[in-house]
Every structure is written in structure tokens, then in C-alpha cells.
Amino acid sequence: MAKQRMLKFVTVERDMPEKRPPSLRKADFGEIYGEYAREKAAEQAGRCSQCGVPYCQSHCPLHNNIPDWLKLTAEGRLREAYELSQATNTFPEICGRICPQDRLCEGNCVIEQSGHGTVTIGSIEKYLTDMSFEEGWVAPIRPAAERTESVGIIGAGPGGLAAADMLRRQGIQVTVYDRYDRAGGLLTYGIPGFKLEKDVVMLRIAQLRDGGVNFVLGCDVGVDITFDEIRAKHDAVLIATGVYKSRDLQAPGVGAKGIVRAIDYLTASNRVGFGDTVAEFESGELNASGKRVVVIGGGDTAMDCVRTAVRQGATSVKCLYRRDRANMPGSQREVANAEEEGVEFVWLSAPRGFAGETVEGVMVQRMRLGAPDATGRQAPEIIEGADYVEDADLVVMALGFEPEDLPKLWGVEGLEVTRWGTIKADFRSHATSLEGVYAAGDIVRGASLVVWAIRDGREAAESILAYVSQGARVAAE
Ligand SMILES: Cc1cc2nc3c(=O)[nH]c(=O)nc-3n(C[C@H](O)[C@H](O)[C@H](O)COP(=O)(O)OP(=O)(O)OC[C@H]3O[C@@H](n4cnc5c(N)ncnc54)[C@H](O)[C@@H]3O)c2cc1C
Ligand code: SF4
């Protein structure tokens with residue numbers, strides 16, 4: 001039965017080209033970056049002092065050789081700069097756009113530390129790769145020789161795709177399974193298009209497909225095919241399924257119409273951006289147009305929701321967070337962007353409940369920061385008698401994500417998980433408790449960053465390559 005369904009999905013995958021976007025044309029890059037960027041990139045790269053203590057590099061999860069590719073950029077040796085930057089990063093154009101650089105490379109630039117403003121490392125990385133696509137310098141995936149070993153990857157997000165890229169370049173037969181109809185994971189359906197243009201993501205997916213990676217889309221592992229079937233089909237398996245269970249809030253009125261989950265809201269918005277018809281968007285359920293929107297949460301997902309609501313034409317957008325600005329988990333740069341766009345942040349505020357059968361308002365309780373908790377963070381405390389109602393027609397809950405219970409969902413005994421439900425995997429080899437099964441990205445780390453998923457995927461691919469090569473040697477002996 002599962003086999004028949006699989007055939008259907010393979011057919012869907014073959015039909016995929018009609019969903020492929022037109023490749024980015026020269027004019028597109030020209031419009032976005034143009035000659036100005038070439039000069040700007042060189043000027044910015046020239047600001048790097050070559051300090052000799054590259055904290056930028058050590059704070060980049062991929063340990064990109066930033067000082068050297070900045071030097072090459074400043075000297076106008078752009079192709080060499082690109083080659084160096086892509087040597088350690090599978091998707092530099094994506095990281096350049098959406099890494100929280102203020103917490104990673106740029107935040108640790110010594111020029112930033114000395115108060116003179118960081119070298120804009122992310123923008124230069126983005127520019128170099130976009131320009132390299134334009135110039136035809138991005139090498140297609142052409143393995144020197146085909147190999148017989150096959151690897152199944154569950155999850156087409158950045159973790160799975162980074163591994164697919166590395167393995168395919170070595171000639172391994174790679175099949176990527178994903179329950180969505182498009183590959184990319186949160187790059188495609190989570191992160192909004194104004195932060196990460198979808199053509200940029202689709203271009204990479206087209207490159208992987210053209211390089212021989214087989215995508216089986218619309219295939220929910222555990223429903224359309226079992227995990228054991230995937231294991232039986234391949235010599236090794238990588239689990240890169242991310243974390244998708246939204247954290248809920250227990251509060252009176254939480255089930256009211258008009259209270260929605262961030263992932264549903266952002267997915268609908270991204271689908272509309274692709275030109276899909278989304279019933280819940282058409283009906284207004286997942287559309288902020290003309291509404292007073294309140295987003296609850298202080299992470300990057302909340303920032304994406306408020307900025308999406310602004311673009312959809314909300315009449316007002318407020319963000320409630322129970323701690324203050326200095327203690328929020330989201331990027332300060334994103335808060336500044338949102339404020340510039342007219343979003344109002346209501347710090348030290350938490351929802352106590354919701355008014356209306358169709359939501360009319362959020363009952364807000366004011367908070368103050370009390371004594372530090374076990375982690376050293378100041379715990380928010382309620383200020384009694386300071387409650388008020390924040391009017392709202394649409395409330396978006398952005399309280400974070402947790403892993404799904406994969407061993408139960410997939411009926412897999414022996415797949416060990418942590419007490420948080422993430423998969424237990426060796427932090428270096430990414431091997432799980434099951435022979436030949438590896439795991440990478442958010443499903444191991446919990447909700448994290450694209451750049452960490454890429455690093456995990458690349459490292460897991462190395463271990464998988466060693467594992468399947470060992471198997472091939474044993475078979476030959
Ligand atoms: C709204 C939002 C905004 C974000 N913004 C940023 C940002 O600006 N910068 C940044 O660095 N990070 C950001 N992140 C975090 C980042 O997107 C993730 O850390 C990263 O995508 C994790 O990659 P992954 O490959 O582990 O998982 P994912 O990208 O989640 O991909 C997992 C894939 O597995 C598939 N899958 C799951 N279960 C199954 C199954 N049973 N069968 C088949 N397929 C399955 C899913 O459909 C999905 O395609 C954001 C996250 C969110 C939610
Ligand atoms: S991958 Fe991210 S952290 Fe590393 S250099 Fe690029 S933008 Fe900075």
C-alpha cells in the first residue's frame with residue numbers, strides 16, 4: 001500500500017518543473033544590487049582591519065574564512081572571494097540574507113567592538129554569491145563518478161539539503177523526502193519573502209535537482225511511507241525534520257476564532273507569495289488586511305509575524321512580550337526594523353485571556369522583572385491590579401516550537417530522544433541510537449538557526465559518507 005502511494009509521489013516530483021521559478025535573470029540581480037553593490041562591497045570589505053584575531057570567524061558556526069574573502073573582495077578578486085566563501089558554506093547567499101549577524105560574525109567584528117560600526121559581512125557574502133550565480137561561477141553538481149550507495153534524507157530544510165548537496169557531489173544516490181509540496185523547509189514556508197526571496201531558495205533546489213538529487217515531495221513519513229520502509233530502501237538515513245509543534249498557551253478564551261498559530265499564518269502568507277490559492281487567506285482567517293493585529297512572543301518568529309502583518313495592510317500591529325527589550329530572545333536588528341515599519345512593542349506584558357467568541361481583545365497583565373531564575377535570567381512577575389484590554393481582531397501566537405514525538409509518530413523503537421523530545425545524536429558524527437541513522441538541524445538542537453542546520457547537515461554528510469563507504473568495503477571483501 002505504502003509502495004503504491006510512493007509511486008504517486010514520485011510522479012508528483014516529476015511534475016515539479018512547472019513549479020520551478022524562472023532562474024534569476026541578470027536584470028533581477030542588477031535591480032537589487034547593481035554596480036553600486038560592487039563598489040559598496042569593496043569599500044566595506046576594505047574596512048576590515050585584518051586584525052589577526054578573527055572573532056568574526058570563530059563566531060560564525062561554519063567558521064567561514066571571513067578575513068581572507070574580505071581581503072580578496074577589497075582587491076577586486078571576486079571569483080576567488082566567492083570560491084573561498086562557498087568552500088565552507090553550502091548556501092552563502094541564504095546565510096548572507098538571514099543569519100542574525102548581530103549575534104554572530106558582525107557582532108564580534110573588532111571594528112564593531114571598537115565602536116566604529118561593523119564590516120557588513122553578511123551583505124558582502126550575499127553579494128558575492130548572487131553575483132557568482134549571475135556570472136555563471138556557481139559550479140553545477142557533477143560528481144566525478146557515480147556510486148551505488150544510496151542515502152534517504154527525511155526533511156528538505158537547510159539541514160537536509162546541505163547534506164544532500166555534500167553527498168551528491170561525492171556521487172552518492174540521494175533521495176530527499178518531504179511532506180510539503182515544495183522543498184526548502186522553513187526557508188520556503190517559514191521565513192517571509194521580504195527577508196529571503198523565494199527565487200533564491202528555489203534556485204538552489206533546482207541546482208540540487210539538476211545535480212541528480214531525487215525529491216519525493218508531498219510524502220509525509222509515518223503516513224505515506226513508514227520509517228522502516230525508508231531504512232530498508234537506503235544504506236543510510238538522515239532525519240532532518242525540524243521542529244513544528246507550536247507551544248500553546250492555556251488561558252481563558254484561547255480557542256476563540258481569530259487566534260491563530262504563527263506557523264499557519266506565515267505558511268499561508270508564503271504560499272500566497274508563490275501564487276497559491278489559500279482558502280484561509282481568502283476568507284480572512286489568516287490575513288491581517290484591515291485588522292488590529294496583536295502578536296504574542298518576543299522571538300524572531302514573532303518579528304516575522306509583525307512585519308508580515310504590516311505588509312498585509314493591518315490597521316495596527318502590536319507585539320506583546322513578557323520581558324523587556326534587553327531580555328527578548330529575538331534579534332535587536334529585527335526589532336529596530338519592525339519599529340521603523342510602525343510596529344508597537346508592548347514590553348513587560350503577558351496575555352491573561354482573550355475576549356470575544358471571535359476575538360475582540362487580549363486581556364493583558366503587566367509584568368516586572370524579578371529575581372533571576374535557575375538560568376540566571378530575571379523571571380517576569382505579575383503586577384497585580386494593572387490589567388487592561390488590548391483591542392485585537394487577529395491574534396498571532398508566536399510562542400516557539402517543540403519537536404513532534406517522532407518515535408511514537410513513526411512507530412520506531414530504539415530511536416532515543418532527549419527529555420525535550422529532540423533526537424539524541426552524537427554532537428560531532430550526528431549518529432543516532434539506530435545503526436546507519438543520523439540526525440541534523442532543529443530536530444536535534446531544538447528551534448535554532450539556518451546556519452547551524454547547514455553545519456549539522458554538512459557534518460552528518462561526512463559521517464554518512466564514511467559509514468556507507470565502510471559498508472561498501474565490507475561488501476567487496
Ligand atoms: C518563522 C521563522 C523564521 C525564522 N527566521 C530565521 C532567520 O531569519 N534566520 C535563521 O538563521 N533562522 C531562522 N529561523 C530558524 C530556521 O528556519 C531553522 O532553524 C532551520 O530552518 C532548521 O532547519 P532544519 O533543516 O533543521 O528544519 P526545517 O527547515 O524545519 O525543515 C524540516 C523539513 O522536514 C519536513 N518534515 C518534517 N516532518 C516530516 C515528515 N514526517 N515527513 C516528511 N517530511 C517532514 C518539513 O516539512 C520541513 O520541510 C526561523 C524559523 C521560523 C519558524
Ligand atoms: S554564515 Fe552567517 S555567521 Fe557565518 S559569516 Fe555568513 S552571515 Fe556571518
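I started with Leu348, which at 22% relative accessibility counts as partly exposed, a label I use between the cut-offs for buried (under 20% relative accessible area) and exposed (over 50%), with a 1.4 Å probe and protein chains only. The model is a predicted one, in which local features need pLDDT of at least 70 and side-chain atom pairs count only at pLDDT 80 or more, while totals for chains, interfaces and linings use all residues. I note too that residues are numbered from 1 along each chain as its sequence is written, that chains are lettered from A and ligands numbered from 1 in the order in which they are written, and that side-chain values use heavy atoms, with hydrogens and water left out.

**Loop residues**

I found Leu348 in the loop between strand 9 and strand 10, and I noted its positive phi of about 50 degrees although Leu348 is not a glycine.

His430 sits in the loop between helix 18 (406-410) and strand 16 (437-439), and with a relative accessible area of 3% His430 is buried.

Next I asked what Arg323 touches, leaving aside its neighbours within four places in sequence. I found Arg323 in contact with Trp347, Leu348, Leu369, Asp373, Arg377, Gln378, Ala379 and Pro380, where contact means heavy atoms within 4.5 Å. Arg323 belongs to the loop between strand 8 and helix 17 (332-340) and counts as buried at 5% relative accessibility. I also looked up the C-alpha atoms of Arg323 and Glu381, which are separated by 9.4 Å although the residues are 58 apart along the chain.

**Antiparallel strands**

Strands of a sheet pair through backbone hydrogen bonds, either parallel or antiparallel; I count two strands as paired if DSSP finds at least two bridges between them. Strand 10 (residues 349-355) pairs with strand 11 (residues 361-372) in the antiparallel sense over six bridges, and I noted Val362 of strand 11 as the bridge partner of Phe354. The hairpin of strand 10 and strand 11 has five residues between the strands, and there Gly356 takes a positive phi near 95 degrees.

Strand 11 and strand 12 form a hairpin with five residues between them, and Gly376 in the turn has a positive phi of about 90 degrees. Strand 11 also pairs with strand 13 (residues 388-391) in the antiparallel sense over four bridges, and in strand 13 the bridge partner of Met363 is Val389.

I traced an open sheet of five strands in the order 6-14-7-8-9, with parallel pairing. Strand 6 (259-261) and strand 9 (344-346) are the edge strands, each pairing on one side only. Neighbouring strands of this sheet are turned by 25 degrees against each other on average, direction ignored. Within the sheet I looked up strand 7 (residues 292-296) and strand 8 (residues 316-320), which pair in the parallel sense over five bridges, and Val294 stands opposite Lys318 in strand 8. Helix 14 (residues 262-274) lies across strand 6 and strand 14 (394-397), running at about 75 degrees to strand 6; axes here are lines fitted to C-alpha atoms, for helices over the stretch in contact, and angles run from 0 to 180 degrees between N-to-C directions.

**Helices**

Gln312 lies in helix 16 (residues 300-312) and is buried, with a relative accessible area of 16%. Leaving aside neighbours within four places in sequence, I found Gln312 in contact with residues including Tyr265, Ser269 and Phe281.

Last, I looked up helix 5 (residues 66-74) and helix 6 (residues 78-88), whose axes come within 8 Å and cross at roughly 165 degrees. Helix 5 and helix 6 are therefore roughly antiparallel to each other, a label for angles over 145 degrees, where those under 35 count as roughly parallel, 65 to 115 as roughly perpendicular and the rest as oblique. The contact is made by Asp68, Trp69, Leu72 and Thr73 of helix 5 and by Leu78, Glu80, Ala81, Leu84 and Ser85 of helix 6.

Technical notes. Helix = DSSP H or I, 4+ residues; strand = E, 2+ residues; numbered from the N terminus.
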